Protein chains: 2
Amino acid sequence: MARRTSDNSTIRVALLGCGNVGLALYELLAEPQNKQALFQRTGLTFEVVGIAVSSLKRKRSDADWFDASLLTTNAAALVVREDVDVVVEVMGGIDETLPLFEKALKSGSSVVSANKALLARHGRALARLAFNHGADLRYEAAVAGAVPILRVLRDALSGEQVTRVMGIVNGTTNFILSLMDHEGVAYGDALAEAQRLGYAEKDPTADVEGYDAASKAAILASLAFDCKVSAAEVSREGITQVSAEDVAFARQLGYAVKLLAIAEVLEGTELSVRVQPTMVPAAHPLASVDGAFNAVFVEGEACGELMLYGRGAGGKPTASAVLGDLVEVARSMHRGGAPDVPLSPRTMVKRPIAQISSAFYLTLDVADQPGVLAKVTEVFGQHGVSIRSMEQVGLGDEARLVFVTHRALEGAMSATIKQLRRLKVVDRVGTLLRVIENGEGNS
Amino acid sequence: MARRTSDNSTIRVALLGCGNVGLALYELLAEPQNKQALFQRTGLTFEVVGIAVSSLKRKRSDADWFDASLLTTNAAALVVREDVDVVVEVMGGIDETLPLFEKALKSGSSVVSANKALLARHGRALARLAFNHGADLRYEAAVAGAVPILRVLRDALSGEQVTRVMGIVNGTTNFILSLMDHEGVAYGDALAEAQRLGYAEKDPTADVEGYDAASKAAILASLAFDCKVSAAEVSREGITQVSAEDVAFARQLGYAVKLLAIAEVLEGTELSVRVQPTMVPAAHPLASVDGAFNAVFVEGEACGELMLYGRGAGGKPTASAVLGDLVEVARSMHRGGAPDVPLSPRTMVKRPIAQISSAFYLTLDVADQPGVLAKVTEVFGQHGVSIRSMEQVGLGDEARLVFVTHRALEGAMSATIKQLRRLKVVDRVGTLLRVIENGEGNS
């Protein structure tokens, strides 16, 4: 197929979206000092030739380099313009945005995007479409902001047999959990603070229920294992059930609570992709990833353990990742030559979550009366869930029992919880957390 | 210039060296299961067509996939063979190895190397030679083993204005310092343990005196700032002066002692590249990089703070990095097209170490008598070095004074130390460490 090449060093960019990220990127490309530094580093000049926005009324910037005449509300016309080499999409949305990607790629323009939700759903089909039209599709900024994890999986680790990827890929939930840990505040207060600081949206569902992390887990899994995984196939739990007491108790046991996106290969061709609040041992590199930072921990047969850490969100860090993709696309246009042929995805079987094993943390509020512990532990035993430690914390008329189990199947643990709920002496089944055992994945 | 392309998917590899790394790489390429997995992931097959070794007598492997008939002692003949696409150099050495690189590149073969000392000295000239002959030169494994920091600087951050790179890039010294920290053992005992475990050589000079880290600092600086820096231009101090007491005291003050390779831009076109034992605040991501692990922390205008962490040495992790380069070289052969034109290096002025500012930690053993502190602090004052904190630790007839200063110039601190040595009441000037202040580079 024809591959569009450029024989001069100016790359013409159509920008879709001019929010935080779009404006930061425009500044990196157009502000004179930045523009000069970029040319010095890369030999390239990027010219923004159009900016699609939803409204022309909103004031975007007073800066000299900001050219308001580039703004347009007609994104569909912009992406097929002949003087566009690359379309950069930082406007979000799925159904209304997908046709813009398709139009751009079909007209031979490469696309750079930060849209995790769209890529998690349509990434493979779009990559194929890009290949068929000699275009590139890059989306480093879609996972973990400025952290170049997608490139590392695609390039540096292309020959590596990756066995597991575990990421803190949602800054909002990590900020909330870090605040609960450091300040001992309740989930609701930490969420309110995150909202006040602009780290969480007014409707925080996508973040706190793990939907955002699930999209990123799907993208990570498909790149790490070269297979098809969509966000809908990711087992997902959020952090709304995690209490300040859980976080404090975890700390006391030597763990930090993190919302992890996990993708792992089990016995060759079986795969598990899930998002779960997890207790990470304090000595594990992921445990000290604090606040709004992101990190992705990768395990491979030859490379051993790798971790990439950095800013997962924000206008400038996200724009930095988009810029890296833009430079890559531009270099590829300069080189010419044939594009890398995408391989057929490997066929991997998703192992049901019930068949995934882990150690667990579980709290139970029970009546403070003799014989309760025996009744409760009997239920664990009936399902083959072996208890590693138990602590009792007084709560007036009640007692709270805090269990940590040995490794057991999720299915066995679910069955245990179901039966525990039926026990009269159990007033409330509290939080369930997965526990990464010391040394696991960090040997 | 002509660029060698390959129209089939088999890449023929000449291997120079068959020690830990060479053998691990050969196994990744030739062992049947690995070979199949690699083909599945990349669509590529690598065929080792010759292995240069210093002696044919040494037994290397009993494995089925090991083909002893490939061994040769004639490296010079191997690198110019017409059936070689890529030369992989993992034998080390500089003067005897450089001509092999030159021969290989001149004959159009690409070169992949793990040789930090050679690359730190001749990297730029070799890159130019490679370009002139349409070949690639890659050396990810030369810095921080499996950690893909060179690619990230070269590709992901190509458009980024990187301001500072700080790395723990020598596993031997990090192992020693970690052991001193965790077990409270003396430097000599920690070194002996590192030697016993094979982490340190019998002659540990290259590691403990910072020569190895200086080579890596030079490579990092030239990639991060696109300028010429050789290992000889790197200011270098090792860890032999660091005592168990220093490490314990640092810990008490909230720091970990690390040997850092630092490359930073100062005011636009000035540059500093140095290797120094440094106190890193406990909350800084570099502080928890333990044992033989490596990590590189990058700060950039747009990306903010990034860190890459992983195994910095060992046969398999190093071979993993070499394999990543091999796949990249192979993909580039497949694509064909023009190679990336290397830009002329930026002209940057190295600022003399005396003009670099830092906070400092310094210990002094002094006579335990009245008036000593006044005499000592007067010397600091004369050179404009302001003291942030001082603690006195009794030592029998002597006292040890532990100072932490505010930010001062290295030159002023050297002059202070020179004059302190002349004071009669000062029995010994102890360790000098740089101190990264809380929040610095981690805001």
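## Close-ups of a two-chain predicted model

View 1. Contact here, as in every view below, means heavy atoms within 4.5 Å.

A word on the bookkeeping: this is a predicted model, where local features need pLDDT of at least 70 and side-chain atom pairs count only at pLDDT 80 or more, while totals for chains, interfaces and linings use all residues. Residues are numbered from 1 along each chain as its sequence is written, chains are lettered from A and ligands numbered from 1 in the order in which they are written, and side-chain values use heavy atoms, with hydrogens and water left out.

**View 2. The domains of chain A.** Chain A is assigned domain 1 (10–145 + 315–335), domain 2 (151–310) and domain 3 (353–435); the bounds come from an automatic or database domain assignment. Between the C-alpha centres of domain 1 and domain 3 of chain A there are 51 Å.

**View 3. Helices H13 and H14 of chain B.** The axes of H13(B) (residues 372–382) and H14(B) (residues 410–422) come within 9 Å and cross at roughly 150°. Helices are DSSP runs of H or I with at least four residues, strands are runs of E with at least two, and both are numbered from the N terminus. Each axis is a line fitted to C-alpha atoms over the stretch in contact, and angles run from 0 to 180 degrees between N-to-C directions. The H13(B)–H14(B) crossing is right-handed, that is, the near helix is turned clockwise from the far one by less than a right angle. On the H13(B) side, look for Val376(B), Val379(B), Phe380(B) and Gln382(B); they meet Met413(B), Thr416(B), Gln419(B) and Leu420(B) of H14(B). That contact is made up of 5 nonpolar, 3 polar and no charged residues. For that count, Ala, Val, Leu, Ile, Met, Phe, Trp, Tyr, Cys and Pro are nonpolar, Asp, Glu, Lys and Arg are charged, and the others, Gly among them, are polar.

**View 4. Helix H11 of chain B and what follows it.** H11(B) spans residues 244–253, and its buried residues are Ala244(B), Asp246(B), Val247(B), Phe249(B) and Ala250(B). "Buried" stands for under 20% relative accessible area, "exposed" for over 50%, and "partly exposed" for in between (1.4 Å probe, protein chains only). Just past the end of H11(B), Gly254(B) takes a positive phi of about 95°.

View 5. Ala144(B) isn't a glycine, yet its phi is positive, about 65°. You'll find Ala144(B) in the loop between strand S6 (137–138) and helix H6 (149–156) of chain B. Ala144(B) counts as buried, at 0% relative accessibility. Asp226(B), also not a glycine, has a positive phi near 50°. Asp226(B) sits in the loop between helix H10 (211–225) and strand S8 (235–236) of chain B, and is buried, with a relative accessible area of 15%.

View 6. Gly171(A) belongs to H7 (residues 171–183) of chain A and is buried at 16% relative accessible area. Leaving out residues up to four places away in sequence, Gly171(A) touches Gly291(A), Ala292(A) and Asn294(A). Further along H7 of chain A comes Asp181(A), buried at 19% relative accessibility. Asp181(A) and Ala248(A) are 67 residues apart in sequence, with 6.5 Å from C-alpha to C-alpha. Beyond its neighbours within four places, Asp181(A) is in contact with Val247(A), Arg251(A) and Ala256(A).

**View 7. Asp212(A) in helix H10.** Asp212(A) is part of H10 (residues 211–225) of chain A and is buried, with 8% relative accessible area. Setting aside neighbours within four places in sequence, Asp212(A) contacts Lys116(A), Val169(A), Asn170(A), Ala206(A) and Asp207(A).
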